[in-house]
Amino acid sequence: MITGADNGSCVAEDSLTAGSFGDRENSGERSDTILLVRVDPSANRVAMLSFPRDLWVELAGSGNMQRINAAYERDNPQRLADTI
């Protein structure tokens, strides 16, 4: 699984373009990119499946419907995996 966070943590503070990303400190963490990748070296094949970040699903362990990107937690990747 490959995820990308929309919290701006990958933007260097001293970057010339850092200001264009705005202040993301209090916006929480959600994944704006969710990909499942399967690599089969014996068949020399790769398959990818992308999940839209606004896909409504039941969040694992909660019983609540929410956008799939709400299942993303930096310190608990299993929550998103269980949701998928």
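Aspartate 54 is partly exposed at a relative accessible area of 42%, where buried means under 20%, exposed over 50% and partly exposed in between (1.4 Å probe, protein chains only). The model is predicted, so that local features need pLDDT of at least 70 and side-chain atom pairs count only at pLDDT 80 or more, while totals for chains, interfaces and linings use all residues. Residues are numbered from 1 along each chain as its sequence is written, and side-chain values use heavy atoms, with hydrogens and water left out.

**Exercise 1.** Determine which residue forms a salt bridge with aspartate 54, and list the other salt bridges.

*Solution.* Begin with the criterion, which is a side-chain nitrogen of Lys or Arg within 4 Å of a carboxyl oxygen of Asp or Glu. The partner of aspartate 54 is arginine 67, with the closest N and O atoms 3.5 Å apart. This pair links distant parts of the chain, since aspartate 54 sits in the loop between strand 3 and strand 4 (56-58) and arginine 67 in strand 5 (residues 65-67), 13 residues apart; strands are DSSP runs of E with at least two residues, and helices are runs of H or I with at least four, numbered from the N terminus. Arginine 67 is itself partly exposed, at 35% relative accessibility. A search of the whole structure gives three salt bridges: another joins aspartate 40 to arginine 38 at 3.9 Å, N to O, and another joins arginine 79 to glutamate 73 at 2.8 Å, N to O. Arginine 38 is exposed at 57%, whereas glutamate 73 is partly exposed at 32%.

**Exercise 2.** Identify the residues of the largest nonpolar core.

*Solution.* Such a core is a set of buried Ala, Val, Leu, Ile, Met, Phe, Trp, Tyr and Cys residues joined through side-chain atoms within 4.5 Å. The largest has seven residues, namely Ile34, Phe51, Val57, Leu59, Ile68, Ala71 and Leu80. Isoleucine 34, beyond its neighbours within four places in sequence, has contacts including Phe51, Ile68 and Leu80.

Key: Contact means heavy atoms within 4.5 Å.
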